[in-house]
Amino acid sequence: MNFDKIISREGTHTEKYDQRVQKFGTDDVIPLWVADMDFPSSPAIQEAIINRVKHPIYGYTRYYDEYFASILKWMQKAHNWKIQKEWIAPINAIVTGLNLAVEALTKKGDGVIIQPPIYPPFYEAVKRQKRTLLENELKLVDGRYEIDFEDFEKKAKLAKLFLFCSPHNPTSRLWSKKELEKLAQICKQNGVIIVSDEVHADLVFDGEFTPMATLQSAKNITITLNAPSKTFNIAGIVSAYAIVENSSLKRKFYEIFQRYSLTEPSPISLCATVASYTKSDKWLEELLIYLRGNLEYLHTRLSKIPKIKAMPLEATFLLWLDCKELGFTDKKLEQFFIKDAKLGLNTGVSFGKGGEGFMRLNFATSRLVLKDAMDKLESCIKNHKG
Ligand SMILES: Cc1ncc(COP(=O)(O)O)c(C=O)c1O
């Protein structure tokens with residue numbers, strides 16, 4: 001796959017490009033925000049969708065064995081996790097899973113732990129449903145984000161649910177087995193259910209990913225949420241699933257999807273999922289090489305741009321930039337990126353506590369686009385007085 005090739009996405013009603021005016025007040029920015037990639041999906045995915053679309057009847061569709069088998073196969077191959085078909089609960093999107101887990105497993109006022117700075121829907125899932133937000137803020141220790149376990153334990157005593165992000169967006173932390181074990185032990189001791197959002201699990205650059213539910217102490221209390229959407233760039237197709245080994249927990253979680261009639265699959269999402277997990281290995285291998293190259297390129301360029309520091313990246317295609325040295329307020333930092341550098345990034349503050357002074361850059365785009373972005377950033381930082 002030629003990932004260098006720039007394919008215009010404008011006019012396809014895509015959020016990243018076509019919502020620039022709503023998001024940044026102008027379309028004169030290079031969009032490096034919402035977490036999808038500017039790359040074509042694998043040839044196998046394209047072919048599977050085209051073949052299905054060629055059949056002109058798009059009626060109600062059932063989940064078929066091949067769909068479940070593809071998830072089983074992927075979990076075994078990519079994460080050495082042997083799961084069973086009965087553990088899988090198809091959900092349409094991960095964020096739906098986060099929201100409905102909160103609704104199904106807690107009551108108004110119950111405590112729910114999240115670890116900011118965090119992907120905003122984690123906050124929304126708790127706040128919109130009027131649960132008590134328990135923020136276990138990540139700590140920066142020697143330039144790396146760490147979990148404050150002492151605080152986590154205190155919060156766990158007040159919590160019913162823990163919305164976990166693994167690997168973590170936006171800090172890109174890939175949690176170690178030891179860290180997972182500690183979290184699981186505390187949750188188990190305090191009767192806290194874990195919802196582990198593992199959508200970035202296949203996009204790992206430094207270290208090895210462990211699914212939370214593979215730990216003995218976690219398997220009975222964990223709902224894993226995953227999808228081919230990030231890995232294979234099919235977020236717009238909308239396909240995700242939960243894995244829950246504990247059958248009574250699965251029933252409790254899934255009942256709400258049935259109640260809201262959220263269990264009808266789209267024929268396109270099913271065939272795209274199967275093609276992702278069974279026929280796209282080579283594409284993914286090439287993608288990871290390209291993304292690693294982009295990351296190295298950004299590190300080289302950013303090392304020559306004063307006052308902006310890239311945090312170490314362990315997973316995801318989202319680089320977390322420490323811009324505190326610029327000394328701007330968050331409003332000014334946002335405007336500086338939009339108006340001066342003409343770059344559309346996510347602000348750190350949109351990820352809540354601990355996001356102040358940071359920006360998040362999506363580097364899943366052609367290297368030429370990144371070059372243009374770095375040229376713009378470099379020249380406006382160098383011309384900036386003060
Ligand atoms: C951690 C995390 N979870 C969930 C999502 C979105 O998943 P979905 O589109 O399936 O709701 C994202 C997208 O950026 C994400 O980063």
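These legends accompany a set of close-up views of one predicted model. Residue numbers start from 1 along each chain, following the sequence as written. Because the model is predicted, local features are given only where pLDDT is at least 70 and side-chain atom pairs only at pLDDT 80 or more, while totals for chains, interfaces and linings take in all residues.

**View 1. An open sheet of four strands runs in the order 11-12-15-14, with antiparallel pairing.** Strands here are DSSP runs of E with at least two residues, helices are runs of H or I with at least four, and both are numbered from the N terminus. Two strands count as paired if DSSP finds at least two bridges between them. Strand 11 (309-310) and strand 14 are at the edges with a single partner strand each, so one side of each has no neighbour in the sheet.

**View 2. Strand 15 (residues 358-362) is mostly covered, with five of its five residues buried.** A residue is called buried when 20 or more other C-beta atoms lie within 10 Å of its own, exposed when there are 12 or fewer, and partly exposed in between, with C-beta atoms placed from the backbone. Follow the side chains along the strand: Phe358, Arg360 and Asn362 point one way, Met359 and Leu361 point the other way, and all are buried. Strand 12 (residues 318-322) runs antiparallel to strand 15 and is joined to it by five bridges. Here Trp320 stands opposite Arg360, and Leu321 has Met359 as its bridge partner. Strand 14 (residues 346-347) also pairs with strand 15 in the antiparallel sense, over two bridges, and Asn346 stands opposite Arg360.

**View 3. Seven strands make an open sheet in the order 2-10-9-8-7-3-4, and the pairing is mixed.** Its edge strands are strand 2 (88-91) and strand 4 (132-135), each of which pairs on one side only. On average, neighbouring strands of this sheet are turned by 20 degrees against each other, direction ignored. Look inside the sheet for strand 3 (residues 111-114) and strand 7 (residues 159-165), which pair in the parallel sense over three bridges. In this pair, Gly111 has Ala159 as its bridge partner.

**View 4. The ligand is surrounded by 13 residues.** A residue is counted as near when its C-beta atom, placed from the backbone, lies within 6 Å of the molecule. The closest are Ala35, Ala93, Ile94, Val95 and Asn169. By type, the shell divides into 10 nonpolar residues, two polar and one charged. In this sorting, Ala, Val, Leu, Ile, Met, Phe, Trp, Tyr, Cys and Pro are nonpolar, Asp, Glu, Lys and Arg are charged, and the others, Gly among them, are polar.

**View 5. Helix 4 (residues 65-79) and helix 10 (residues 267-279) cross at roughly 30 degrees, their axes coming within 9 Å.** That angle makes helix 4 roughly parallel to helix 10. Axes are lines fitted to C-alpha atoms, for helices over the stretch in contact, and angles run from 0 to 180 degrees between N-to-C directions. Angles under 35 degrees count as roughly parallel, over 145 as roughly antiparallel, 65 to 115 as roughly perpendicular, and the rest as oblique. Lys73 lies in helix 4 and is partly exposed, with 13 other C-beta atoms within 10 Å. Lys73 and Thr278 are 205 residues apart in sequence, yet their C-alpha atoms are 7.9 Å apart in space.

**View 6. Helix 11 (residues 281-302) packs with helix 13 (residues 367-383) at an angle of about 15 degrees.** Their axes are 11 Å apart. The two helices are therefore roughly parallel to each other, and the crossing of helix 11 and helix 13 is right-handed.

View 7. Tyr254 counts as buried, with 20 C-beta neighbours inside 10 Å. Asp330 is partly exposed, having 17 other C-beta atoms within 10 Å.

Methods. Left-handed = near helix turned anticlockwise from the far one by under 90°.
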